[in-house]
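Let's take a walk through this one together. Have the sequence and the 3D view open side by side as we go.

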Amino acid sequence: MPFAESDGASIAYEVRGSRGALLLLSAGNGKATAFDAVVPLLAQHFRVVTFDRRCRGRSTGDATQAMDLAQTARDLRCVVRAALQSTKSAHDQGAASDDRVIVFGTSGGAVSALSLAQECPGLVSTLVVHEPPVISLLPDHSSQMDQIVKIVECSRREGPHAGMDAFVQLALPFFWDGTPTPKPSEPDADTAYFLEQEIMAINSYAPDFELIRKNVTEKCIALVGDATGPDVFYARTVPLLAEKLQCDVAVVPGNHVGYLLPNTASAFGEALLKIIQT
């Protein structure tokens with residue numbers, strides 16, 4: 001497992017495939033494994049780069065510090081450079097190379113994708129964002145952020161298992177059947193970090209859309225799932241974000257996590273591939 005060094009942290013990443021460069025940014029899971037169901041297809045067409053976010057999975061970092069999206073962008077830039085350099089063939093070493101990447105981000109990963117495009121001019125060729133929770137775009141953003149604050153407080157007060165139940169009820173209602181998650185015998189550090197150190201930064205992010213449009217070298221695309229309820233907050237952001245980015249909205253199979261569910265992952269991967277290649 002290779003690592004990219006970035007500002008005092010080691011960021012674990014994986015590279016599969018050999019053509020071009022496609023960076024996949026996961027949601028709350030924060031780990032490369034979130035895309036296991038779609039990578040085999042995508043890697044037939046692209047050099048696919050996945051990674052574990054700072055303080056998540058196999059990556060290191062200071063877990064006492066809240067997520068900093070500008071830092072996330074720097075981490076991603078280091079991952080891209082390390083991944084592309086490590087997969088260059090001997091023939092490529094002396095040739096000029098295109099270090100730009102196609103970037104796909106989903107949910108919180110889509111917010112990280114926006115930050116990467118904003119912070120790193122010219123690095124992102126195509127930006128594809130799937131249901132990003134850019135709550136600042138919503139007319140009821142204050143009440144929506146109040147819900148996020150309650151989730152954070154719940155996790156700190158009652159533990160990450162209870163916090164995740166609160167999060168699922170708000171963000172993933174299709175998974176909620178009214179049955180509380182059993183309390184784990186050991187603390188779930190990844191879940192706790194997500195709920196207590198990441199979701200405030202993710203959901204309060206206010207992108208500079210003009211700068212993003214300027215920095216992305218080819219195109220931006222906003223995605224929404226055909227099974228995502230129209231009233232959930234991250235679905236309501238999609239047309240507003242597309243207007244700001246002056247880009248099209250494409251509909252993909254499944255709901256907010258269509259890329260990992262067995263019944264929709266294959267169709268999601270095929271649709272994403274077609275959107276990227278068009």
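**Starting at Ser107**

Setting aside neighbours within four places in sequence, Ser107 is in contact with Ala27, His130, Glu131, Pro132, Pro133 and His256, where contact means heavy atoms within 4.5 Å. You'll find Ser107 in the loop between strand S5 (101-106) and helix H3 (108-119). Helices (H or I, at least four residues) and strands (E, at least two) are DSSP runs, numbered from the N terminus. Ser107 counts as buried because its relative accessible area is 12%; the cut-offs are under 20% for buried, over 50% for exposed and partly exposed in between, with a 1.4 Å probe and protein chains only.

Before going further, a word on what you're looking at: this is a predicted model, in which local features need pLDDT of at least 70 and side-chain atom pairs count only at pLDDT 80 or more, while totals for chains, interfaces and linings use all residues. Residues are numbered from 1 along each chain as its sequence is written, and side-chain values use heavy atoms, with hydrogens and water left out.

One of the contacts of Ser107 is Glu131, so let's hop over there. Glu131 sits in the loop between strand S6 (124-130) and helix H4 (141-158). With a relative accessible area of 0%, Glu131 is buried. Its backbone is worth a look too: phi of Glu131 is positive, about 45°, although the residue is not a glycine. Gln246 is another non-glycine residue with a positive phi, near 55°. Gln246 lies in the loop between helix H8 (233-245) and strand S8 (248-252), and at 63% relative accessible area Gln246 is exposed.

Now step back to the whole chain. The protein chain has nine helices and eight strands. Its C-alpha atoms fill a box of roughly 55 × 40 × 35 Å along the principal axes. For 278 residues, a compact globule would have a radius of gyration near 19 Å, and the 18 Å of the protein chain agrees with that; the radius is taken over C-alpha atoms, and the globule rule is 2.2 Å times the number of residues to the power 0.38. Among contacts between residues at least 6 apart in sequence, 74% join residues at least 24 apart. Of the 278 residues, 54% count as buried.

What about the inside? In soluble globular proteins, nonpolar side chains tend to be buried together. Here the largest nonpolar core has 63 residues, of which Leu23, Val103, Leu114, Leu116, Leu127 and Leu241 touch the most other members. A nonpolar core is a set of buried Ala, Val, Leu, Ile, Met, Phe, Trp, Tyr and Cys residues joined through side-chain atoms within 4.5 Å. Not counting residues up to four places away in sequence, Val103 touches Leu23, Leu25, Ala113, Leu116, Val124, Thr126, Leu127 and Val128. Apart from this core lies another, of 27 residues, including Phe35, Leu223, Ala250 and Leu261.

Two last stops. Gly30 is in the loop between strand S3 (22-25) and helix H1 (39-42) and counts as buried at 0% relative accessibility. Beyond residues up to four places away in sequence, Gly30 touches Phe51, Asp52, Arg53 and Arg56. Phe3, in strand S1 (residues 3-6), is partly exposed at 38% relative accessible area.
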